[in-house]
Amino acid sequence: MIVLFSAVAACQMYAMERAIARGIFADVLDDMQDIGYLDPALADYYRQKMAELGWDVTGDVFAGSWPQAEQQRALKERNEMVTLTLTVRPSRVAQWLNQFAEGNAAFFFTGIRPSEYFDPGW
């Protein structure tokens with residue numbers, strides 16, 4: 001009986017952590033779409049929030065995201081896109097269940113959207 005309850009609790013924890021990671025991904029992608037790039041302060045804020053959850057964020061969790069600098073900002077008038085890639089290692093239990101479910105211990109999300117940022121001088 002204890003094993004059954006432990007398994008159910010582990011599955012619930014995995015689902016909750018994956019939903020939180022997906023929510024963080026969606027929030028960052030929405031912000032990127034609005035401002036046209038991944039602001040370093042925004043990346044640091046979410047990196048800190050993920051670290052507070054106990055997730056391993058020692059590497060570049062936003063590696064592969066573009067643009068990452070204001071000078072490279074994607075502009076709507078040029079129909080440019082923003083790309084966000086998020087890779088994070090959740091808790092040990094969630095890593096194990098994700099390994100079982102998806103074949104990878106880390107949560108990995110990627111998405112591309114058109115920029116919504118208009119250059120004020122345009």
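**Exercise 1.** Is R78 buried or exposed, and what is its relative accessibility?

Solution. The model is a predicted one. R78 has a relative accessibility of 54%. The cut-off for exposed is over 50%, so R78 counts as exposed. The side chain of R78 forms a salt bridge with that of E80, at 3.4 Å from N to O. E80 has 23% relative accessibility and counts as partly exposed.

**Exercise 2.** Describe the order of the secondary structure elements and the overall dimensions of the chain.

Solution. Begin with the counts: there are three helices and two strands. Read from the N terminus, the order is α-α-β-α-β. The C-alpha trace spans about 65 × 25 × 20 Å along its principal axes. Next, take the contacts between residues at least 6 apart in sequence: 66% of these join residues at least 24 apart. Of the 122 residues in the chain, 38% are buried.

**Exercise 3.** Locate the salt bridge between E52 and K49 and state the accessibility of each partner.

Solution. Both residues belong to helix α2 (residues 40-52), where they sit three residues apart, about one turn of the helix. E52 is exposed, at 53% relative accessible area, whereas K49 is partly exposed, at 32%.

**Exercise 4.** Which parts of the chain does the salt bridge between E116 and K76 tie together?

Solution. The two side chains meet at 2.8 Å, N to O. E116 lies in the segment after β2 (107-114) and K76 in the loop between α2 and β1 (81-88), so the bridge ties together parts that are 40 residues apart in sequence. E116 is partly exposed, with 36% relative accessibility. K76 is also partly exposed, with 29%.

**Exercise 5.** Give the number of salt bridges, the residues of a salt-bridge network, and the charge counts of the chain.

Solution. The count of salt bridges is eight. A network of salt bridges links D44, R47 and D60. The chain carries 10 positive and 16 negative side chains, and the centres of the two sets are 5 Å apart.

**Exercise 6.** Where is Q95 found, and which residues does it contact beyond its neighbours within four places in sequence?

Solution. Q95 is found in helix α3 (residues 92-102). With its neighbours within four places set aside, Q95 contacts R89, P90 and A105. The relative accessible area of Q95 is 13%, and the residue is buried.

Notes:
Residues numbered from 1 in each chain as written. Predicted model: local features only at pLDDT ≥ 70, side-chain atom pairs only at ≥ 80, totals over all residues. Heavy atoms only, no water. Buried < 20%, exposed > 50% of the residue type's maximum accessible area, 1.4 Å probe, protein only. Contact = heavy atoms within 4.5 Å. Lys, Arg positive; Asp, Glu negative; His and termini not counted. Charge placed at Lys NZ, Arg CZ, Asp CG, Glu CD. Salt bridge = Lys/Arg side-chain N within 4 Å of Asp/Glu carboxyl O.
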